[in-house]
Amino acid sequence: MGIGAMVVSLAPSFGPTYGGMFIESLGWRAIFFTLLIIPVASLVMGWSSVREKQRSKNIEPFDFWAFILLSVALISGILMINQLESGSINIVLLGITIITFLAFIVVSIISKKIF
């Protein structure tokens, strides 16, 4: 994530300078040929490095209740944070966030012991 954030933050400063120098020295048509090298090289590296994986016979079922609880906790948490703009904390949303997040933790621990 750090490398992705670095690229996103530095691209607006390096892009115009690098692009201008590139176009000035090689012409605008060279952009298409040089950018074609990157996907071809990554395709070759992918074919050589990715191996077929054996599928496991122990496929765990989808934990529906944990998904619902986490969804409610995150949505109520986001709504609570958005209401901080008014300068007050919504106690109901804070309670829902804490309770559903704790319930998600308990359900996740219990479901791993069952399976």
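Just after helix 1, Gly27 takes a positive phi of about 90 degrees. Helices here are DSSP runs of H or I with at least four residues, numbered from the N terminus. This is a predicted model, in which local features need pLDDT of at least 70 and side-chain atom pairs count only at pLDDT 80 or more, while totals for chains, interfaces and linings use all residues. Residues are numbered from 1 along each chain as its sequence is written, and side-chain values use heavy atoms, with hydrogens and water left out.

- Helix 1 covers residues 2-26 and has a kink of about 55 degrees at Ala11, shortly before the proline Pro12. The bend at a residue is the angle between axes fitted to the seven residues ending there and the seven starting there.
- A nonpolar patch on the surface is formed by Ile3, Met6, Val7, Leu10 and Phe14, which together have about 510 Å² of accessible area. Patches are made of residues with over 30% relative accessible area and no salt bridge; nonpolar side chains (Val, Leu, Ile, Met, Phe, Trp, Tyr) are joined within 5 Å, and like charges within 9 Å. A salt bridge is a side-chain nitrogen of Lys or Arg within 4 Å of a carboxyl oxygen of Asp or Glu.
- Accessible areas come from the Shrake-Rupley method with a 1.4 Å probe, and for residues only the protein chains shown count as cover.
- Met6, a member of this patch, lies in helix 1. Its relative accessible area is 44%, so Met6 is partly exposed (buried means under 20% relative accessible area, exposed over 50%, and partly exposed in between, with a 1.4 Å probe and protein chains only).

- Ile23 is placed in helix 1 and is partly exposed because its relative accessibility is 39%.
- Ile23 is in contact (heavy atoms within 4.5 Å) with Trp28 and Ile31, leaving aside neighbours within four places in sequence.
- Between Ile23 and Val7 there are 21 Å in space, C-alpha to C-alpha, and the two are 16 residues apart in sequence.
- Ile31 belongs to helix 2, residues 30-49, and counts as partly exposed because its relative accessibility is 26%.
- Not counting residues up to four places away in sequence, Ile31 touches Phe22 and Ile23.
- The C-alpha atoms of Ile31 and Gly19 are 8.8 Å apart in space, and the residues are twelve apart in sequence.

- Ile78 sits in helix 3, residues 64-83. Its relative accessibility is 52%, so Ile78 counts as exposed.
- From Ile78 to Leu93 the distance is 9.3 Å, C-alpha to C-alpha, with the two residues 15 apart in sequence.
- Thr97 is in helix 4, residues 91-114, and is buried because its relative accessible area is 15%.
- The side chains of Thr97 and Ser76 are joined by a polar contact of 2.8 Å. A polar contact is a pair of N or O atoms within 3.5 Å; within protein, one must be able to donate a hydrogen and the other to accept it, and residues adjacent in sequence count only if both atoms are side-chain atoms.
- Beyond its neighbours within four places in sequence, Thr97 is in contact with Ala73, Ser76 and Gly77.
- Ser111 is also found in helix 4. Its relative accessibility is 15%, so Ser111 counts as buried.
- At 3.1 Å, the side chain of Ser111 reaches the backbone oxygen of Ser108.

Terms used: Helix = DSSP H or I, 4+ residues; strand = E, 2+ residues; numbered from the N terminus.
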